[in-house]
Amino acid sequence: MAEQEKSVLWTGTLEATNEQGVKTGLTLNTRDPKITITVTGSAKYAQSKPAFGPDGDTNYQNPNTLLPSANVGMALMRIGGGQAGGGPYRPVGTGISDWTIREDGELTFFYNDQPGDYGDNSGSFNIAVLRQLTWNGKLPANAADGVKTGIVVNTRTDKISITVTGKASYGPGGQEFGPDGNPGDVNNPGALLPSANCASCLIKIGNGPYRFVGTGKSDWPVPEDGEIAFFYNDGIFDDNSGSFAITLTVN
Ligand SMILES: [Ca+2]
Ligand SMILES: [Ca+2]
């Protein structure tokens with residue numbers, strides 16, 4: 001199993017004097033999940049001016065800057081670029097949330113000023129690029145080995161949210177139950193997790209224990225490192241039917 005990238009993709013500093021911008025080394029692709037960018041700090045685009053935050057000087061735009069429609073002193077980004085071409089400069093300011101990637105290429109951040117006029121700048125912005133990891137899949141009730149998500153989490157940085165829907169049956173007769181399982185069948189020693197309702201949705205992270213999920217969890221700090229897998233709480237799987245639909249998000 002390949003190591004998954006963490007939800008924090010990059011952190012770094014954009015100096016206001018850096019006319020070339022700061023390259024992140026992150027190669028983005030339009031097929032990738034949405035990204036979120038946060039920017040803090042303050043900077044000056046001239047020593048005679050006050051310091052401004054990442055939105056720059058809201059009262060001043062200049063046609064000679066990298067992005068004339070944006071405030072002077074604003075944090076910008078560009079994807080691709082150089083001789084290979086690439087996307088336009090785009091305003092970032094204090095950040096953008098759940099942004100759909102529009103171009104392929106390396107992500108670079110810029111300070112919006114006039115080319116050749118960066119020497120009288122000072123200050124810097126701290127920038128973080130984050131990606132939300134999402135997995136959508138199905139847990140068939142007859143899957144004795146559960147379903148692996150390929151999503152690897154760690155206890156230092158990751159909280160997860162899960163939603164589970166659907167109905168399934170865990171035995172002959174075919175009575176169906178939702179993700180919370182059958183409240184009338186608990187402490188069944190044949191089930192993967194006897195303390196939870198039979199026919200409920202379970203999670204297992206890495207080599208950790210089975211844990212009850214039911215209809216879901218919200219912003220749950222993961223208790224173990226490892227790959228996330230889901231299981232159907234039963235002991236004999238080949239007489240089961242139906243499935244649960246699961247959405248897993250790593251924040
Ligand atoms: Ca300047
Ligand atoms: Ca069964």
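The legends below describe close-up views of a predicted model.

**View 1. An open antiparallel sheet of 4 strands.**
The strand order in this open sheet is β10-β16-β13-β14, and the pairing is antiparallel. β10 (147-153) and β14 (211-212) are the edge strands; each has a single partner strand, so one side of each has no neighbour in the sheet. Strands of a sheet pair through backbone hydrogen bonds, in either a parallel or an antiparallel way.

**View 2. The pairing of β10 with β16.**
β16 covers residues 226-232 and runs antiparallel to β10, to which 4 bridges join it. Within this pairing, V147 is placed opposite F230 of β16.

Strand β17 spans residues 241-250 and includes T249. T249 has a relative accessible area of 15%, and it counts as buried because this value is under the 20% limit. With neighbours within four places in sequence left aside, the contacts of T249 are Q132, L133, T134, K159, I160 and S161.

Searching the whole structure gives 0 disulfides. For C198, the closest cysteine sulfur is that of C201, at 14 Å, which is too far for a bond. The cut-off for a disulfide is 2.5 Å between the sulfur atoms. C201 likewise takes part in no disulfide, and the cysteine sulfur nearest to it is that of C198, 14 Å away. C198 is buried at a relative accessible area of 0%, and C201 is also buried, at 0% relative accessibility.

The whole structure holds 9 aromatic pairs. One of them is the stacked pair of Y45 and F52, with 6.1 Å from centre to centre and 15 degrees between the planes. The pair counts as stacked because its planes are under 30 degrees apart. Y45 is buried, its relative accessible area being 5%, whereas F52 is partly exposed at 21% relative accessibility. Together with Y60, Y45 and F52 make up one aromatic cluster.

**View 3. Lysine K204 over the ring of Y210.**
K204 has its charged end over the ring of Y210. The distance to the ring centre is 5.3 Å.

**View 4. Lysine K217 over the face of W220.**
Here K217 lies over the face of W220. The ring centre of W220 is at 4.3 Å.

Key
Residues are numbered from 1 along each chain as its sequence is written. Chains are lettered from A and ligands numbered from 1 in the order in which they are written. This is a predicted model: local features need pLDDT of at least 70, side-chain atom pairs count only at pLDDT 80 or more; totals for chains, interfaces and linings use all residues. Side-chain values use heavy atoms; hydrogens and water are left out. Two strands pair if DSSP finds at least two bridges between them. Helices (H or I, at least four residues) and strands (E, at least two) are DSSP runs, numbered from the N terminus. Buried means under 20% relative accessible area, exposed over 50%, partly exposed in between (1.4 Å probe, protein chains only). Contact means heavy atoms within 4.5 Å. Rings of Phe, Tyr and Trp (its six-membered ring) pair if their centres lie within 6.5 Å; planes under 30 degrees apart count as stacked, over 60 as edge-to-face and the rest as tilted. A charge sits over a ring if NZ of Lys or CZ of Arg is within 6 Å of the ring centre and within 35 degrees of the ring normal.
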